[in-house]
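This briefing walks through a few features of one structure, moving from a pair of residues to strands, helices and rings. Please keep the sequence and the 3D view at hand while reading.

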Amino acid sequence: MAGLHDKFGRAITDLRISVTDRCNYKCVYCRTGNEGALYGDLPFADYLRMARVLVGMGITKIRLTGGEPLLRNGIVGFVRELAKLRPQGLKPPSSAGANGTAEGAAFHATPSLEIALTTNGHLLADMAQRLKDAGLDRVTVSMDAVDPDRSARITRVPNGFDHVLAGIRAAREVGLGPVKVNCVLMRGFNEDQIIPFGMFAREENVIVRFIEFMPLEEGRTWAPSTVVTLDEILARMSEYLPVMEIEHGRSETARRYRFEDGIGEFGIIAPVSHPFCGHCSRIRITSDGKIRTCLFSVWDHDLHAQMRRGAGDEELAEFIRGVVMKKEERHHIGEADFVPASRTMVHIGG
Ligand code: SAM
């Protein structure tokens, strides 16, 4: 079987790279506001080598995240280098060389490579065109309220809302679309924003995706009662306008819906009430170069340590294959045996 598979037969095609665990926002569902970066980051050349090996093994989608990825100086250049990993830039195995080039039969040309980025949008407006020119395909922008005051309460950053809105619009205008807007719903903060976001999706021509709050926050405040579930979101949105479900890809995390009049689309990512682990195609690399096979992993796997000890590309590939075999079958959110992940979201890369 070509490509990268785990022991449950899931194809691993989707890589998330966190390029920093620093963030300029302190969202209530993510951070306490007291902790800063805990793990540091690596030179881009190191992430690039990891990405190149993984693309050679069958990764077809790379998402850059953090922390806040746009805080990293050099992010545009990194996107440009990643874009060179697309098939036309991928060296075939026959041109294999020492450390740093594709070696041996373990590698095969990838059919395509999508490069995306998730950002809080604060710095996006000024960077959107350069990111697009460098080869970025799409952005997802996090925004948790369609209202400046509520946004400030959630992000704990005053005056952020206008920057984020400008970022979303700039991304759309330069062609980094369809722009997706992620909204984490947390009871007591923004569950009344469902219909405003429905209006926003229609007016701004973006795909809003509601995300169920997961127990990955620094403050460990999660409880089942704080989660606004898929059923509740759908019921609320249907009070606004009739909606219908549209087909979504097997490994897509979001269930997709559109308004019956054809204007506007939204999605719901429901890992708590409707887990989709059976179709998970993701692995993550943390800002300090560890592989995580699940958001809820209680351990990680030090890929960067392998590089530091001088491993060649084939050895890295072997290490990665072994790690992927350990990918967890599913998460245990809300179950009696749930063990919190060994890192919180900001230090993993969502
Ligand atoms: N700073 C960037 C941003 O704000 O999009 C990228 C990193 S952020 C950790 C990635 C995504 O994780 C965001 O869409 C954020 O809303 C989501 N997220 C963070 N904590 C979460 C939690 N406890 N449950 C669900 N989603 C969460």
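This is a predicted model: local features need pLDDT of at least 70, side-chain atom pairs count only at pLDDT 80 or more; totals for chains, interfaces and linings use all residues.

- Strand β5, covering residues 180-185, and strand β6, covering residues 207-212, pair in the parallel sense over six bridges.
- These strands belong to an open sheet of twelve strands with mixed pairing, in the order β7-β8-β9-β6-β5-β4-β3-β2-β1-β10-β11-β12.
- The edges of the sheet are held by β7 (243-246) and β12 (301-302), and because each has a single partner strand, one side of each is left without a neighbour in the sheet.

**Two helices in contact**
- Helix α1 (residues 44-57) and helix α2 (residues 75-83) have axes that come within 10 Å and cross at roughly 25°.
- Because angles under 35 degrees count as roughly parallel, α1 is described as roughly parallel to α2, and the crossing of these helices is right-handed.
- On the α1 side, Phe-44, Tyr-47, Leu-48 and Ala-51 take part, and they meet Ile-75, Phe-78, Glu-81 and Leu-82 in α2.
- The residues of this contact divide into seven nonpolar, no polar and one charged.

**Aromatic rings**
- The count for the model comes to ten aromatic pairs, and one of them is the stacked pair of Phe-44 and Phe-78, with 4.8 Å centre to centre and 25° between the planes.
- Since Phe-44 lies in helix α1 and Phe-78 in helix α2, the pair ties together parts that are 34 residues apart in sequence.

Key: Residues are numbered from 1 along each chain as its sequence is written. Side-chain values use heavy atoms; hydrogens and water are left out. Two strands pair if DSSP finds at least two bridges between them. Helices (H or I, at least four residues) and strands (E, at least two) are DSSP runs, numbered from the N terminus. Axes are lines fitted to C-alpha atoms, for helices over the stretch in contact, and angles run from 0 to 180 degrees between N-to-C directions. Angles under 35 degrees count as roughly parallel, over 145 as roughly antiparallel, 65 to 115 as roughly perpendicular and the rest as oblique. A crossing is left-handed if the near helix is turned anticlockwise from the far one by less than a right angle, and right-handed if clockwise. Contact means heavy atoms within 4.5 Å. Ala, Val, Leu, Ile, Met, Phe, Trp, Tyr, Cys and Pro count as nonpolar, Asp, Glu, Lys and Arg as charged, and the others, Gly among them, as polar. Rings of Phe, Tyr and Trp (its six-membered ring) pair if their centres lie within 6.5 Å; planes under 30 degrees apart count as stacked, over 60 as edge-to-face and the rest as tilted.
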